[in-house]
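Colleague: Morning! Could you walk me through this one while I have it open on my screen?

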Amino acid sequence: MGEIRTTLITGGNSGIGEALARKLVERGQRVVSVGLEKPDWTHDLLAAYRADLTNIEETRAIAQEIGRNHAVDCLVHNAGIILPNLLPDAKPEDILMLAQLHLGAPMLLTQAALEGMRSRRFGRIVFVSSRAAMGAATRSAYSATKAGVHGMARTWALELAASGITVNVVAPGPILTDNFWGVIPKGSEQQERMARNVPVGRLGSREDVAHAITFFLDERSDFVTGQVLYVCGGTSLVGLGP
């Protein structure tokens, strides 16, 4: 990635966020993790903060604290939850909670880092969205807010391009993480059936997604902005079947 940069990762304590954090520190890059829990590992290049990003005031406070303590060059908004329900049981409150987590939190965190990014004329913002933004059963609140991420990312891409800041989205398909296993029982026939329905013949790994994110973070990716990259094994083309 060239020059040593500082990347703020939400949800850097587990899953895709942890895989990305480990990959970056192995490359000599500084990482700041913020989430409900701190990572269970340490490194000289890793700083960690704890915050509930579904809470606006808590998010605003931690954004300001991180902004005071770190010159954030890159922001990866990876934190997310699903809250699955079929329509008869779906709740408007879930939409509000996920709108804050998926949209409000990265807005506050980016605002806190924006002045520094602009002054250095360098910034990378990457959202981790989902193939479910295209629609998926039981995902009313999740799909709606992840689709909103795509619109907000494209808007920011236009607003920030002249400042040397790119904004892009990685939209994973079925990835083997705790979020996935919170909905699909680990090692179940349902998991095996889902894997068979993926065109490439397997479910994704967190490293698959981390690899895609690092492309957008790279200094050489400055001509790529406002894009959505599906890391989904082809499921954005055919869905996941019954």
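**Aromatic pairs and beyond**

Modeller: Happy to. This is a predicted model, and the count of aromatic pairs in it comes to 2.

Colleague: How are the rings of Phe127 and Trp156 arranged?

Modeller: Their centres are 5.5 Å apart and the planes meet at 50°, so the pair is tilted. A pair counts as stacked under 30 degrees and as edge-to-face over 60, with the rest tilted.

Colleague: Which parts of the chain does that pair link?

Modeller: Distant ones: Phe127 is in strand E5 (residues 123-128) and Trp156 in helix H4 (residues 140-160), 29 residues apart.

Colleague: And are Phe127 and Trp156 buried or exposed?

Modeller: Both Phe127 and Trp156 are buried.

Colleague: OK, what about Phe215 and Phe216?

Modeller: They form an aromatic pair that is tilted, with 5.3 Å from centre to centre and 55° between the planes. Phe215 counts as partly exposed because its relative accessibility is 43%. Phe216 comes out at 2%, so that residue counts as buried.

Colleague: Switching to charges over rings. Which ring does the charged end of Arg5 sit over?

Modeller: The ring of Phe122, at 3.7 Å from its centre. There is also Arg22, whose charged end sits over the ring of Trp41, 4.3 Å from the centre.

Colleague: Which residues of H7 are buried?

Modeller: Val209, Ala210, Ala212, Ile213, Thr214, Phe216 and Leu217.

Colleague: What covers the buried residues of H7?

Modeller: The cover includes strands E1 (6-10), E4 (74-77), E5, E6 (165-172) and E7 (228-231), along with helix H1 (15-26).

Colleague: Since H1 came up, how many of its residues are buried?

Modeller: 9 of its 12, so H1 is mostly covered. The buried residues are Gly15, Ile16, Gly17, Glu18, Ala19, Leu20, Ala21, Leu24 and Val25. What covers them includes E1, E2, E4, E6 and H7.

Colleague: How far does H1 reach?

Modeller: From its first C-alpha to its last, H1 reaches 17 Å, close to the 16 Å expected at 1.5 Å a residue. H1 is followed by Gly28, which has a positive phi near 85°.

Colleague: Now E1. Which way do its residues point?

Modeller: Thr6, Leu8 and Thr10 point one way from E1, while Thr7 and Ile9 point the other way, and all are buried. E1 is joined to E2 by 5 bridges, and the two run parallel. Ile9 stands opposite Ser33 in E2.

Colleague: What about the largest nonpolar core, which residues touch the most other members?

Modeller: Of its 35 residues, these are Leu8, Val34, Leu53, Ile66, Ile125, Phe127 and Val167. The elements that give two or more residues to this core are strand E2 (30-35), helix H2 (56-69), helix H3 (92-120), E5, H4 and E6.

Colleague: What does Val34 touch?

Modeller: Leaving out residues up to four places away in sequence, Val34 touches Leu8, Ile9, Thr10, Gly11, Gly12, Tyr49, Ala51, Leu53, Ile62 and Ile66. Another core, of 24 residues, lies apart from the largest one, and among its members are Leu20, Val76, Val126 and Val170.

Colleague: Now some loops. Where is Thr177?

Modeller: Thr177 is in the loop between E6 and helix H5 (178-181). Thr177 is buried, with a relative accessible area of 10%. Not counting residues up to four places away in sequence, Thr177 touches Gly15, Ile16 and Arg206.

Colleague: And what is phi for Leu83?

Modeller: Near 50°, a positive value in a residue other than glycine. Leu83 is in the loop between E4 and H3, and is partly exposed at 29% relative accessible area.

Colleague: Where does Arg121 lie?

Modeller: In the loop between H3 and E5. Phi of Arg121 is positive too, near 55°, and the residue is exposed, with a relative accessible area of 52%.

Colleague: Last one: where is Leu237?

Modeller: Leu237 is in helix H8 (residues 235-238) and counts as exposed at 75% relative accessibility. The C-alpha atoms of Leu237 and Met117 are separated by 36 Å, and the two residues are 120 apart along the chain.

Technical notes:
Residues numbered from 1 in each chain as written. Predicted model: local features only at pLDDT ≥ 70, side-chain atom pairs only at ≥ 80, totals over all residues. Heavy atoms only, no water. Phe/Tyr/Trp six-rings, centres within 6.5 Å; stacked < 30°, edge-to-face > 60°. Helix = DSSP H or I, 4+ residues; strand = E, 2+ residues; numbered from the N terminus. Buried < 20%, exposed > 50% of the residue type's maximum accessible area, 1.4 Å probe, protein only. Lys NZ or Arg CZ within 6 Å of the ring centre and 35° of its normal. Contact = heavy atoms within 4.5 Å. Core = buried A, V, L, I, M, F, W, Y, C linked by side-chain atoms within 4.5 Å. Pairing = 2+ DSSP bridges. Expected span 1.5 Å × (residues − 1).
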